[in-house]
Amino acid sequence: MIDPLTALLIAAGLTGVIITIFLPEQGLYPRWREGRRMTKRVQSEDALKFIHKREMERRGSTVESVAGVLHKRMDKTAVLLTIMQKDGLLTIENNQLHLTNKGRESALHIIRAHRLWERYLADKTGYTEADWHGRAELREHEMSTAELDALAAKLGNPTHDPHGDPIPRADGEVMIIAGRPLPATTCDTPARIIHLEDEPPIVYAQLIAEGLHPGMNIRMVESTNERVRFWSNGAEHLLAPIVANNITVQPIPNLDDIKPDETNYRLLSNLEIGESGVVAGIAPSCRGAERRRFMDLGILRGTTITAEMSSPGGDPTAYEIRGALIALRENQAKQIRIQSPEQATQQRATRWIAHSQGI
Amino acid sequence: MNTKQILQTAATLRWQIGQDFHEKLMEDIYTNAAVLADRAMTRPDEKPHFDFDRKLDQIVTSRIWGFPMMILLFTLVFWITIQGANYPSQWLATIFLEIGYPFLKNISTTIGAPWFIDGLLLDGVYLATAWVISVMLPPMAIFFPLFTLLEDFGYLPRVAFNLDNAFRKSGAHGKQSLSMMMGFGCNAAGVVAARVIDSPRERLIAIITNNFALCNGRWPTQILIATLFIGALAPPALAGLLSATAVVGVTMLGVFLSLAVSWGLSRTALKGEVSTFSLELPPYRPPRVLQTIYTSLIDRTLIILWRAIIFAIPAGAVIWLISNITISNISLAEYIIGWLNPLGFLIGLNGIILVAYIVAIPANEIIIPTILMLTVLVSGTNGDAGAGVLFELGNDGTKELLLAGGWTLLTAVNIMLFSLLHNPCSTTIYTIYKETGSRKWTAVATFLPLAMGFGLTFLITQLWRLFGGTG
């Protein structure tokens, strides 16, 4: 019969082989699939997307920069770009690349596919922020215009992707975001986050970890070369300027546009046991099934919530909501914004006056 | 204005209105409805009742009393189930096996019934089905009502609340503790119980990992093998304690693996499924005893028993057929055992055990009787029973027969592990398919534990042999 040591070694060897073949991303099979995916078409589409992005930023692109983005050798990139030129997608002048109308159209199609798919992942699936971009990068090359229109209709024709980038319309029109990087904001001027850059992923991961999301209001406290300090989402945030640069904000021109409950709130997770709060709203980052579930439970502006007890492990906490006892986890309670009951009463009074005066 | 202009205006307005206006609109509708309802509705003052609930909650979910109370209650439920099931199980066995079986055999011999009635129907189908019913029905009929009473009282959601922390860390829902506990009674019922989890991802996790909870059909195997082989290692005074520790150890391994697999699945295969959490802690109320017993008997016990019978019938036929169809005087069963022996040896089991696990896919209850029958068939020491006839022996007789069949301590350890880690029974597989509606997830739930079982027993066997253990 087989010697135990040999058996163990064979088994270890087999396991090793299976791992090298099927390991996600680094395995042979995923790499082979990635290689097959990187066809000429996908590469040329990626190149178009890149050149378009640089054009939007009013910066030129060269053969070198395209080679860098595609992780491809210079000579091969040159061949690829020449073919694209022949196909009438772009023009090459003095090593500067320019999109033709046809090229721009095709770039917009890819961008539309990418952003719509990100919106889909954010609203309809359980993938987390960190997964959206990578998955959309794969999917964007596989969708026809008809499929995109169907997807857009299913999602309620969204205007922005979850990072705040505008989604190009079917007719190719795209809104340009007019904002400025967060560090350039002046102190104490209220501003609204309109965009979070999702590349590079490591910086984006940091922004996610801070709980930031397009649509949140911020108030700058301090912006120096070393650090950027600001208030948002009920807490103070501290970021390195290079990270903060990936946040685009737009000043809020008319201060009356800010509802009081958009800036002045705490998070439900900070409620002490026995304390009550009145819901001011649900964070914009909370979407899809989770948001609907909250609303189904009656977590709506004006609802009073009392923290009743926490479980032996500290998380979840049970809250009294409209006469029912509902347990929520900490990361969920962080999505719900509350005010003190006094604040809420005061605000309701103001609103009532405004309402009765017909404002 | 022509159509194009209208569309243009609409598109511009759409940009101006900003993103998420659907959400905002819906939220306002909800909020206005809530305000209107609040204005129109008067609520009777329910404060005193609520206060009693809070007091109870503070004890039930307290850091000090929460877990001991939970352990005590569930130990009690299991103890009542095991003790209480003994007698009805014996009655059923007496009626079906000791009185019914010889009675039917007598009739068939008297009228000279052909082989497919006397052998296939009586020895095969009848015996296997009767076995499943008498082992399976009583514990289920006791466990499920008790469990449902706790649920009805409002205690179970508090358990989920207490345990959610551990389950959250493995990417699962606190209510998975409930479906898991239900799985200790019956995995098919546990899979159905996963309905209480409303988040799609966590529900799938609970369904796929339910098999790691040792079910009612596997407890007897665990207890028997632990008593015969593990307990025998200790001096007689400690034998009971040691074998009990072994069974609890396997159970705990199951709980641990179910959390570990949950962790793995939620980070890989199930990453994209929608996940939300909410757990309602309903007010306590006196349990409606009669209604609860009725519904738990109808909804849980009888439906599952019926499915088990449906699957036990072909299993009984197959067991009888493979032991009685012979090719050049050697039965089909012996051929298959011969083919599977090398694989069995590799994982410290043997061909007989593997064949038993294949033919007993419909019900884990008949594993041990099948193993005994096949061992007799192979060794040729044709005892009291004929080929393909299931039987049971006393503890001593069983051990003697198994030792004669080449069993060692290693075999015993491996079969305890393999009994924990193998495919769910066909009733459960079918239920998983019904609940998920997906062949893919049914396949994962079926083959994942099997692969883990092969891997673990292989590793243990080879290490055991490497370090000089016999077997």
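Predicted model: local features only at pLDDT ≥ 70, side-chain atom pairs only at ≥ 80, totals over all residues.
Phe230(A) stands opposite His237(A) in strand E8 of chain A.

- Six strands form an open sheet in chain A, in the order E4-E9-E5-E6-E7-E8.
- The pairing in this sheet is antiparallel.
- Strand E4 (180-181) and strand E8 (235-239) of chain A stand at the edges.
- Each edge strand has a single partner strand, so one side of each is left without a neighbour in the sheet.
- In general, strands of a sheet pair through backbone hydrogen bonds, either parallel or antiparallel.

- On one side, E7(A) pairs with strand E6 (residues 217-223) of chain A, antiparallel, over five bridges.
- In that pairing, Glu222(A) stands opposite Arg229(A).
- A hairpin of four residues joins E6(A) to E7(A).
- The hairpin of E7(A) and E8(A) has two residues between the strands.
- In this hairpin, Asn233(A) takes a positive phi near 55°.

**A loop residue, Thr100(A)**

- Thr100(A) sits in the loop between strand E3 (96-99) and helix H6 (101-124) of chain A.
- Thr100(A) has 15 C-beta neighbours inside 10 Å, so it counts as partly exposed. Buried would need 20 or more, and exposed 12 or fewer.
- Gly88(A) is 12 residues away along the chain, yet its C-alpha atom is 6.9 Å from that of Thr100(A).
- Beyond its neighbours within four places in sequence, Thr100(A) is in contact with Gly88(A), Leu89(A), Leu90(A) and Thr91(A).

**Where the chains touch**

- 43 residues of chain A are in contact with 42 residues of chain B.
- Four elements of chain A give two or more residues to its side of this contact: helix H1 (4-22), helix H12 (288-296), strand E12 (304-310) and strand E14 (324-328).
- By class, the side of chain A has 23 nonpolar, 11 polar and nine charged residues.
- E14(A) pairs with strand E1 (residues 279-280) of chain B, antiparallel, over two bridges.
- Within this pairing, Ala327(A) stands opposite Leu279(B).

**Chain B**

- Chain B has 19 helices and three strands.
- The C-alpha trace of chain B spans about 95 × 60 × 60 Å along its principal axes.
- Of the 471 residues of chain B, 44% count as buried.
- Take the contacts in chain B between residues at least 6 apart in sequence: 74% of them join residues at least 24 apart.

**The cores**

- The largest nonpolar core has 138 residues, and Ala128(B), Val132(B) and Ala356(B) touch the most other members.
- Helix H5 (residues 115-153) of chain B gives the most to this core, with 21 residues.
- Not counting residues up to four places away in sequence, Val132(B) touches Ala308(B), Ile309(B), Ala312(B), Ala363(B), Glu365(B) and Ile366(B).
- In soluble globular proteins, nonpolar side chains tend to be buried together.

Definitions and conventions. Residues numbered from 1 in each chain as written. Chains lettered and ligands numbered in written order. Contact = placed C-beta atoms within 7 Å. Core = buried A, V, L, I, M, F, W, Y, C linked by C-beta atoms within 7 Å. Nonpolar A, V, L, I, M, F, W, Y, C, P; charged D, E, K, R; others polar. Pairing = 2+ DSSP bridges.
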